[in-house]
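Trainee: Could we go through this structure together? I would like to begin with the charged side chains.

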Amino acid sequence: MPKRKSRKPQPTPPRHPPNEEQATIQDAFLAGGDLLVDAGAGTGKTSTLLYCAWSSAFTKGHYVTFGRAMADDARDKFPGNVEVMTSHGLAWRMGMCERYADRLHRKGRPRWRSDEVAQRLEMNPLQLKRKDDQKVVITRKQLGEIVQVALRRFSHSDRPTFEPWMIVAPDSCDTKESRVTLAEYVIPFLSKAWKDVVDPDGMLPFEQDYYVKIWALLDPQIRTDFIMFDEAQDANPAMASVIMAQKNAQLLLVGDRCQSIYHWRGAVNAMAEFEADKHLFLRQSYRFGDSIAREANKWLAYLCAELRLRGDDEKPSRVGKILAPAAVLCRTNIGAMVEIVDARTKGRSVCFPGRADPLKRFAKAALELQLDGSTSHPDLAGFESWKDLRQYVNDEFGGRDLKTYVELVDKYTAPGIIEILDDLIPQEKEKEADVVVSTAHAAKGREWETVRIADDFKDSADGCSEAEAMLAYVSVTRAMLALDRGPLEYIDEYERDRKTIMDRSAPRASR
């Protein structure tokens, strides 16, 4: 008799009643109107959305989020009247799948070099004049790179046509006249390139963000009663414009403005542009106690955020040195590899969630390329030697996403990386590892009891960029019980300076 398949457990409503902040949001949602919710780290954002969803069981809704992991987790929690998907998945399901599946998943095609892109578009070198009246030639390679950058900027934008700001001119274009001439020359070729992108049988490189942009340009309307747009701070303008253009659906945008750490993917803070009927906050964190909340608030103050977190009184937490943390968070993949090697040297078992498998596949392909001069790996199939690939990632815009992997292979060798990764605990058995090593970007949305910040974070008492401060805020708020700040302790110097300035500017009490 065939074995009956076990049914997937059905989602159940939240067991605990909402707190005061969550109840206020739930009531506002049920009353109608568009809502904007600033939700700090660990404040029960998902629970709040669930309260809203379960109280609207007789209407149809969509829950849209940025990351696949968050969407997969949400599917097990939301009621059946709510469709759960990523922003890319929403575009894919709305018709892009049938049109562009073959193009996106075309196997074995080599990466394009910038001069090949320019040649495909029939672009010729362009001669311009510099500030010193000397002539400068913009080569085919430079033009191909300019086109690729502009296509990516256009696909992330909410603009219907190509505009001059999307064109990043080389440093040699040091006059307004030369930049204007370059833009006038390039924009017609961008239209030609986009025509190739839109064509299901086109030949130029095709990225995931392209089909989202193609869909956004169709001015789509989603048949639903409400849309919960989670992680709104990570949306790019193209996707944000689609959500905000839904006239027949109630919108609930939720996120943490200070966790916007994907600027390099074209993300903008969609929350800042959203005109909501009500703006509400989730400030009470259930992840950590007061000590870690104070640490998080230092970074929120640095970022001039309106939000401040409150710690959980029932959770003891501390900030200080940790000898054997449950997780180590790194700024870069290279920093993560250093931590993995160090942990293994000390006899600790390691899990490297989300990064081990793609890195292992790359290392095996790198070894094939080094030994045989060829490999079937889709990202490396077009190269005939390791030297050729190294030059590509150093010189070409299209190779920047591979540069870290190439640097890792150069540092640890392909066989060395394979040996290191073969010894790791697989992600599905993460709890069996002595320590989790993760990049800060991959750690977003996760939490561990004890966390140490790795040494590859920037140590600068002179301050840091907004993007670096946001990454620091994300990192310190992953800890539940204990946090080892490592190089991020420099925030104390800024905090002291800030308080000094505030004290000096405060009005003196009358004598």
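Trainee: Is Lys77 buried, exposed or partly exposed?

Mentor: In this predicted model, Lys77 is partly exposed, with a relative accessible area of 33%. The side chain of Lys77 forms a salt bridge with that of Asp73, at 2.9 Å from N to O. Asp73 is partly exposed as well, at 39%.

Trainee: How many salt bridges does the structure hold?

Mentor: There are 32. One of them joins the side chains of Arg452 and Glu339, at 2.7 Å from N to O. Arg452 belongs to strand 13 and Glu339 to helix 12, so this pair ties together parts that are 113 residues apart in sequence.

Trainee: Are those two residues, Arg452 and Glu339, buried or exposed?

Mentor: Arg452 counts as buried at 18% relative accessibility, because the cut-off for buried is under 20%. Glu339 is buried too, with a relative accessible area of 11%.

Trainee: Which strands does helix 12 lie across?

Mentor: Helix 12 lies across strands 10, 11, 12 and 13, and runs at about 165 degrees to strand 12.

Trainee: And what is the strand order in the sheet?

Mentor: The order is 9-14-13-10-12-11, in an open sheet of six strands with parallel pairing. Strand 9 and strand 11 are the edge strands, each pairing on one side only. Between strand 10 and strand 12 there are four bridges, and Leu329 stands opposite Ser438 in strand 12.

Trainee: Changing topic, what covers the buried residues of helix 16?

Mentor: The cover includes helix 12, helix 13 and helix 15. Among the buried residues of helix 16 are Ile417, Ile420 and Leu421.

Note on methods: Residues numbered from 1 in each chain as written. Predicted model: local features only at pLDDT ≥ 70, side-chain atom pairs only at ≥ 80, totals over all residues. Heavy atoms only, no water. Buried < 20%, exposed > 50% of the residue type's maximum accessible area, 1.4 Å probe, protein only. Helix = DSSP H or I, 4+ residues; strand = E, 2+ residues; numbered from the N terminus. Contact = heavy atoms within 4.5 Å. Pairing = 2+ DSSP bridges. Axes fitted to C-alpha atoms, helices over the stretch in contact; angles between N-to-C directions. Salt bridge = Lys/Arg side-chain N within 4 Å of Asp/Glu carboxyl O.
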